Amino acid sequence: LRQYLESSGGSGAPAERLEPSWKPAGVVFPVVWVGVVAPLRALASSAVYGTSTGRLNEAHLNDPVLLWLVLHLCLGDTWNTVNNVERRTGAA
């Protein structure tokens, strides 16, 4: 803890973020995100909605279950943007 605080100047935030050596190149991220994560989100949304309401094929998109899931995903995306894109670690 002492080493961490000394490297951060006592502010509690590290001077620079340590990243793993196996981190993929930046061009890989959009491909993986669109190709893997987006379909998984759609599948998870369908599974949650179908299981909780039992009316998957009735096209009720304005349902509280889906709206809560969308809110959850939006908050997660905002958190990732603040921490990983803008690197405002003090805001977290």
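I began with the lining of the largest pocket, where H3 gives the most, with five residues. I note that this is a predicted model.

I looked up the volume of that pocket next. About 490 Å³ of space lies in the largest pocket. I then listed the residues at its centre. The pocket is lined by 16 residues, and Lys23, Phe29, Asn80, Asn84 and Val85 are the closest to the centre. I checked the helices again: H2 and H3 each supply at least two residues of this lining. I sorted the lining by type and got seven nonpolar, four polar and five charged residues.

Then I turned to the two helices themselves. How do the axes of H2 and H3 cross? Helix H2 covers residues 28-53 and helix H3 covers residues 64-85. Their axes come within 9 Å and cross at roughly 150°. An angle over 145 degrees counts as roughly antiparallel, so H2 is roughly antiparallel to H3. I recorded the crossing of H2 past H3 as right-handed.

Which residues make the contact? From H2 I wrote down Trp33, Arg41, Ser45, Val48, Tyr49, Ser52 and Thr53. From H3 I wrote down Val65, Leu66, Leu69, Leu73 and Asp77. By type, the residues of this contact divide into seven nonpolar, three polar and two charged.

How values were computed. Residues numbered from 1 in each chain as written. Predicted model: local features only at pLDDT ≥ 70, side-chain atom pairs only at ≥ 80, totals over all residues. Heavy atoms only, no water. Axes fitted to C-alpha atoms, helices over the stretch in contact; angles between N-to-C directions. Helix = DSSP H or I, 4+ residues; strand = E, 2+ residues; numbered from the N terminus. Parallel < 35°, antiparallel > 145°, perpendicular 65-115°, else oblique. Left-handed = near helix turned anticlockwise from the far one by under 90°. Contact = heavy atoms within 4.5 Å. Nonpolar A, V, L, I, M, F, W, Y, C, P; charged D, E, K, R; others polar. 1 Å grid on protein atoms, 1.4 Å probe; cavity = no way out; pocket = protein on both sides within 12 Å on 5 of 7 lines; lining within 4 Å. Points joined across faces, edges and corners; volume = space filled by probe spheres on them.
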